[in-house]
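Reader: Hi! Could you walk me through this model, one piece at a time?

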Amino acid sequence: MADPLLEVRNLKVSFRTEDGTVQAVDGVSLTLAEGETLGIVGESGSGKSVTMMSVMRLITDPNARFEGQVLYKGRDLMALTQEQIRGIRGAGIAMIFQDPMTSLNPVYRVGWQIAEQIQAHDKVSKQAAHARTIDLLKSVGIPHASERVDDYPHQFSGGMRQRVMIAMALSCNPDIVIADEPTTALDVTIQAQILGLIRKLRDDFGTAVVLITHDMGVVAEMADRVAVMYAGRIVEEGSRRDVFYRPQHPYTWGLLGSIARLDRPKPRRLATIPGLPPSLVNLPPGCAFGPRCAYRFPACAQTPPLTDKLGNGHLDACLLDPQAKKDARAGATPPELVEDAT
Amino acid sequence: MLTFIVRRLLWTVLVMFVISAFVFVLFFKTPGIDPARAIAGRNPSPQILAEIRHQFGLDEPFPVQYALMMKDLFITRDLVSYSNQGVKVVPEIFAAAPATLSLVFGAAVIWVVMSMALGIAAALLRGTIVDPLLMILALIGISMPVFWVGEVANLITQSRFHDTFLFSWVPPLGYTSFTQSPVGWFKGLLIPWITLSILYIGLYARVLRANIIETEGEDYVRTARAKGLTERRVLLRHTLRGSMISYVSLFGLDFGALVAAGALLTEVVFAIHGVGFLFFQSLGNLDLPTIMAIVVYGAFFIVLANVIVDIAYAWLDPRVRLT
């Protein structure tokens, strides 16, 4: 395999707070190949957004500390100067954010905002940038693009605004688009449209996509590969097929168990994972999921490494041996993981 | 836009009416005030008092008196001062206005430039020692009363250090009009400008810093950065633009209030014969016509400032429509 387009090596992000150090990202390593779609799944606070924001160096909090490397086309983004990283943001790696209501500046016309990005990277005339903006808006399916280009964000609906954000992300033909929960703030019907659009554009433009989400359904629909994050670490990573059909980590089991399935008898209640995610302040060593895990055994007191136990590129950070996992998974959802939500 | 203007004009008339009526009632209903005595001078005889009352319409019923005064103020424009017979009030205010406008405009330029510089610097240097130092400095500026600063400035520039090279250029107190001598105008006003602006520099720097920090956390600023804009452009085009809304409204109100005789203390301390100085004198003399005229003039400027703020709002934020 050629060098990956993006490689995150042992990224650690911590924030100094009054209560102590919050280890938001704790040794994350990822790779992204050209044209690939990587889904990063996890609940709120698992570090998925912080990881990708750190890749873009978008965390401006003076209390944040970063360690590790982020290689993009062989250059370490963490070591670049402000001016160098600026040239990559938007042009090499673009980002789509969660809430299109607040991600666009309310005081500028949408076309101006897209053209602003084009002109920040390409030496083109105002007219050329404007024309390209209209083409982009057309390609993301905004009707009457040549008129709407002069509208303000508040004159668009949520779904349309997210289309504008996508047009903006694509405006400089980036190699990578990082989509941070792009559909979370939208209606369900609009969600499907936006996902369809992202998929279509990914295929048309050959862009690699990092899709950050807490929605397993979105991942199942979009991703080639999936990384599951928990408490700032990746606990399982593999192809979509492997992660969905042969999940290796009890946390992934819990996530998958909590999805309503139409092809199975309707359960009385959906399964939940007992307990709460741990506080990331001074997290003790050991498996972070341990306290919530039904299969915990003494070895879990040590932090389990993310390893390829099956030898097929399917990594997980659980110390149980594969046979024990197989046995545990035998009865669909392990009974211990099903908890009455009352 | 037309409805906006018409509505604002009606609003202005209403505000001026309410304020003038309020001042009128307050004046006449305050115990111990007899305008006739103020007009007559020392130990007047009852006949003279009665004559004066008749001459100035003070024996008329209350609403008629008010109407007469408004007529003289707005229609015939020959309202005469009580304390200084023969002086017409309206021209007097127009004569005083340039001094006040010069003072306030100059101070406003200084305080806008300085507070922007300090506010932006503090916000950008957050997390370093500079930020709290600047903010403490701003707090000191806010805490110093303007009349005290003015007196200290006079003490230094007019007497103690006047003969040194530092302040030998400072002319004696008073106002030189711009048409008379632009250089004299500038020299005479520089110390008053600085004195008046200190409070506002502190206040505005703090407000701007807080707003910048708040806007810095907005999603659209993160988007701007993710687009690959330069830090400078992110700051000027996105962060600062979003931070200016409360700054502008504060500025409009303060500027209006200062033009409307609010710079009284500064004018008195530096013997600048502006509207504030006039107001100060007429309050001392219980000179109702002058007070009334200044109050109406002031109300006009405050309403005008508000209109300008509203227009600026619509320019700053397209979500606000002028209706």
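Author: Happy to! Let's begin with a sheet in chain A: 4 strands form an open sheet in the order E2-E1-E4-E5, with antiparallel pairing. Strands here are DSSP runs of E with at least two residues, helices are runs of H or I with at least four, and both are numbered from the N terminus. Two strands pair if DSSP finds at least two bridges between them.

Reader: Which strands stand at the edges of that sheet?

Author: Strand E2 (20-32) and strand E5 (75-76) of chain A do; each has a single partner strand, so one side of each is left without a neighbour in the sheet. E5(A) is joined by 2 bridges to strand E4 (residues 64-72) of chain A, and the two run antiparallel. A:Tyr72 has A:Arg75 in E5(A) as its bridge partner.

Reader: Before I go on, what sort of model is this, and how does the numbering work?

Author: It is a predicted model, in which local features need pLDDT of at least 70 and side-chain atom pairs count only at pLDDT 80 or more, while totals for chains, interfaces and linings use all residues. Residues are numbered from 1 along each chain as its sequence is written, and chains are lettered from A and ligands numbered from 1 in the order in which they are written.

Reader: And what is the mean pLDDT of chain A?

Author: The mean is 84, and 95% of the residues of chain A reach 70 or more. pLDDT is the predictor's confidence in each residue, from 0 to 100. Over residues 332-342 of chain A the pLDDT is below 50, although this stretch has 19 contacts in the model beyond near neighbours in sequence. Two residues are in contact if their C-beta atoms, placed from the backbone, lie within 7 Å. Where pLDDT is low, the predicted coordinates should not be read in detail.

Reader: Good to know. Back to sheets: what is the strand order in the one with 7 strands?

Author: In chain A, those 7 strands form an open sheet in the order E6-E7-E8-E3-E9-E10-E11, and the pairing is mixed. E6 and strand E11 (315-316) of chain A are at the edges with a single partner strand each, so one side of each has no neighbour in the sheet.

Reader: How many bridges are there between E6(A) and E7(A)?

Author: There are 4 bridges, pairing E6(A) with strand E7 (residues 176-180) of chain A in the parallel sense. A:Ala94 stands opposite A:Val177 in E7(A). E7(A) also pairs in the parallel sense with strand E8 (residues 208-213) of chain A, over 5 bridges. There, A:Ile176 has A:Ala208 in E8(A) as its bridge partner.

Reader: Which way do the residues of E6(A) point?

Author: From strand E6 (residues 93-96) of chain A, A:Ile93 and A:Met95 point one way and A:Ala94 and A:Ile96 the other way, and all are buried. Buried means that 20 or more other C-beta atoms lie within 10 Å of a residue's own, exposed means 12 or fewer, and partly exposed is in between, with C-beta atoms placed from the backbone.

Reader: Let's switch to helices. Which residues of H5(A) are buried?

Author: A:Ala129, A:Thr133, A:Leu136 and A:Leu137 are the buried residues of H5(A). They cover an arc of only 95 degrees around the axis, which puts them on the same side of H5(A). The arc is that of the directions from the helix axis to the C-beta atoms. A:Gln127 and A:Asp135, on the other side of H5(A), are exposed. H4, helix H6 (145-148) and helix H7 (158-170) of chain A are included in what covers the buried residues.

Reader: Nice. What follows H5(A)?

Author: A:Gly141 does, and its phi is positive, near 80 degrees.

Reader: What about chain B: how many helices and strands?

Author: Chain B has 13 helices and 0 strands. Its C-alpha trace spans about 85 × 60 × 40 Å along its principal axes. Of the 323 residues in chain B, 34% are buried.

Reader: Pick one helix there. Which residues of H6(B) are buried?

Author: B:Leu134, B:Ala138 and B:Gly141 are buried in H6(B). They cover an arc of only 55 degrees around the axis, which puts them on the same side of H6(B). These buried residues pack against helix H5 (89-124) and helix H8 (182-216) of chain B.

Reader: Last one: how many residues of chain A are in contact with chain B?

Author: 25 residues of chain A are in contact with 21 residues of chain B. H4(A) gives the most to the side of chain A that touches chain B, with 4 residues.
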